[in-house]
Amino acid sequence: MTGGVLQLNRFPEQWDKLKANPELVPNMVSEIIRYQTPLGHMRRTALEDIEFQGKHIKKGDRVVMWYISGNRDEEVIEEADKFKVDRENARRHVSFGFGIHRCMGNRVAEMQLRILWEEILNRFERVEVVGEPERVLSNFVLGYTSLPVILHAK
Ligand code: HEM
């Protein structure tokens, strides 16, 4: 939620695009989740020896899957470091993980964010960031503990 507010302030042309076309909300929600990557990584333990992309992984090795890196992979995502509310294939990100442990709550998370942004657009002219964000001190949760804003009513 905070990441979305922040990016829409950093890139005001994206906010203008959203206001002109509120139907972009569901697409923007996926883009926020990609761009922010709320959980930076997960870890697995290899169950057997395996050769993967030129690397030898031994049984018992711990392997970290950096979602934040995958979400900036220029071979898959064009201009991956740009935040675009109308990005094509915005849902093609790895913020919810991949495979059998893929996030169980991904649709709930998307629904929460969709409703939040629909209601913000209904009620407010804009959400203005008026101070520096404070980050959660973690390399796992990529979130914020505080972000001062002013809500400008319609
Ligand atoms: C934007 C918000 C969210 C993000 C970025 C997120 C991300 C993730 C990630 C990365 C995993 C691990 C996937 C893996 O290990 O392969 C996960 C697992 C999980 N998430 Fe989420 N999540 C979010 C919201 C939620 C919500 C709202 C719920 C519940 C309502 C939820 C429930 C779960 C559960 C139960 C698992 C474990 C699935 C398993 O191990 O099989 N998540 N989530």
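**Iron site and helix packing at a glance**

The ligand's iron atom picks up a single donor from the protein, the SG of C103, 2.2 Å away. Donors here are N, O and S atoms within 2.8 Å of the metal (3.2 Å for Na, K and Ca), and with water not among the atoms, sites may look incomplete. This is a predicted model, where local features need pLDDT of at least 70, side-chain atom pairs count only at pLDDT 80 or more, and totals for chains, interfaces and linings use all residues. Residues are numbered from 1 along each chain as its sequence is written, and side-chain values use heavy atoms, with hydrogens and water left out.

**Around the ligand**

- C103 sits in the loop between α4 (67-70) and α5 (106-123); helices (H or I, at least four residues) and strands (E, at least two) are DSSP runs, numbered from the N terminus.
- The ligand is surrounded by 16 residues, and the closest are R44, Y67, S95, H101 and C103; to be near, a residue needs a heavy atom within 4 Å.
- That shell splits into 10 nonpolar, 4 polar and 2 charged residues. The classes: Ala, Val, Leu, Ile, Met, Phe, Trp, Tyr, Cys and Pro are nonpolar, Asp, Glu, Lys and Arg are charged, and the others, Gly among them, are polar.
- R44 has a side-chain N or O atom 2.7 Å from an oxygen atom of the ligand.
- For H101, a side-chain N or O atom is 2.8 Å from an oxygen atom of the ligand.

**How the helices pack**

- The axes of α1 (residues 2-10) and α2 (residues 12-20) come within 4 Å and cross at roughly 105°, which makes the two roughly perpendicular. Axes are lines fitted to C-alpha atoms, for helices over the stretch in contact, with angles from 0 to 180 degrees between N-to-C directions; roughly perpendicular covers 65 to 115 degrees.
- L8, N9 and R10 of α1 make the contact with P12, Q14, W15 and L18 of α2, where contact means heavy atoms within 4.5 Å.
- By class, the residues of this α1 and α2 contact come out as 4 nonpolar, 2 polar and 1 charged.
- α1 and α3 (residues 25-36) have axes that come within 9 Å and cross at roughly 95°, so this pair is roughly perpendicular too.
- Here G3, G4, Q7 and L8 of α1 meet M28, I32, Y35 and Q36 of α3, giving 4 nonpolar, 4 polar and no charged residues.

**Overall layout**

- The chain has 5 helices and 8 strands, running in sequence as α-α-α-β-β-β-β-α-α-β-β-β-β.
- Its C-alpha atoms fill a box of roughly 60 × 30 × 25 Å along the principal axes.

Technical notes. A polar contact is a pair of N or O atoms within 3.5 Å; within protein, one must be able to donate a hydrogen and the other to accept it, and residues adjacent in sequence count only if both atoms are side-chain atoms. Angles under 35 degrees count as roughly parallel, over 145 as roughly antiparallel, 65 to 115 as roughly perpendicular and the rest as oblique.
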